[in-house]
Amino acid sequence: MTESDFKADLRRYLQDSRDALLWKLDGLSEYDVRRPLVPTGTNLLGLVKHVTGVEMGYFGDTFGRPCPDQLPFDESDPNSDMFAFPSESREFLTGLYRTAWAHTAGLTADRPNLPTSDRAEWQAHRDRVERAAQQAAQT
């Protein structure tokens with residue numbers, strides 16, 4: 001399998017999982033998508049909200065490309081990303097999740113999702129990574 005096959009597989013698995021998560025909301029009432037299903041309060045729309053924040057953070061902030069449409073986070077409630085407030089509609093949260101997908105897809109030349117760097121900067125970075133790997137292998 002080539003590297004591009006691995007990337008294509010990863011993208012497909014990720015998108016299949018995204019689609020499946022939203023599919024779980026189909027046909028459910030507002031109450032049913034929001035109600036706590038286990039003692040910790042986990043609920044379907046809360047999972048969508050949480051994964052939205054994770055994707056925006058991981059694929060955005062981690063790679064120096066913060067998503068402009070961030071979820072607000074209530075510092076006083078560390079679980080505020082795990083449930084939908086009454087003011088956050090299903091359409092708003094699922095739309096924001098789709099926005100996260102678009103921000104992280106990186107499938108086109110005009111949206112490569114890479115920081116702007118010239119070839120020399122990338123080579124210097126690659127060289128640093130290679131040296132680090134070699135040093136780690138020697139210890």
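Is Tyr 58 buried, partly exposed or exposed? Tyr 58 is partly exposed, because its relative accessible area is 43%, which falls between the limits of 20% and 50%. The model described here is predicted.

Tyr 58 sits in helix α3, which covers residues 44-60.

## Aromatic rings

How many aromatic pairs does a search of the whole structure find? The search finds four. One of the pairs joins Tyr 58 and Phe 59. Their ring centres are 5.2 Å apart. Their planes meet at 80°, so the pair is edge-to-face; the cut-off for that label is over 60 degrees.

Phe 59 is partly exposed, with a relative accessible area of 28%. Ring pairs also bring in Phe 63: Tyr 58, Phe 59 and Phe 63 are linked into a cluster.

## The nonpolar core

The largest nonpolar core has 16 residues. Seven names stand out for touching the most other members: Leu 22, Leu 25, Leu 45, Val 48, Met 56, Leu 93 and Tyr 97. Helices α1 (3-23), α3 and α4 each give two or more residues to this core. Which of the elements gives the most? It is α4, with five residues.

Beyond residues up to four places away in sequence, Leu 25 touches Val 33, Leu 44, Leu 45, Val 48, Arg 90 and Thr 94.

## Two residues in one loop

The loop between α3 and α4 (90-104) holds Glu 88. Glu 88 counts as buried, because its relative accessibility is 7% and the limit for buried is under 20%. Leaving out residues up to four places away in sequence, Glu 88 touches Arg 34, Lys 49, Phe 83 and Leu 93. Leu 93 is also among the core residues that touch the most other members.

Pro 66 is placed in the loop between α3 and α4 too. Is Pro 66 buried or exposed? Pro 66 counts as exposed, because its relative accessibility is 55% and the limit for exposed is over 50%. Setting aside neighbours within four places in sequence, Pro 66 is in contact with Gly 60, Asp 61 and His 103. Pro 66 and His 103 are 37 residues apart along the chain. Their C-alpha atoms are separated by 9.2 Å.

Note on methods. Residues numbered from 1 in each chain as written. Predicted model: local features only at pLDDT ≥ 70, side-chain atom pairs only at ≥ 80, totals over all residues. Heavy atoms only, no water. Helix = DSSP H or I, 4+ residues; strand = E, 2+ residues; numbered from the N terminus. Buried < 20%, exposed > 50% of the residue type's maximum accessible area, 1.4 Å probe, protein only. Contact = heavy atoms within 4.5 Å. Core = buried A, V, L, I, M, F, W, Y, C linked by side-chain atoms within 4.5 Å. Phe/Tyr/Trp six-rings, centres within 6.5 Å; stacked < 30°, edge-to-face > 60°.
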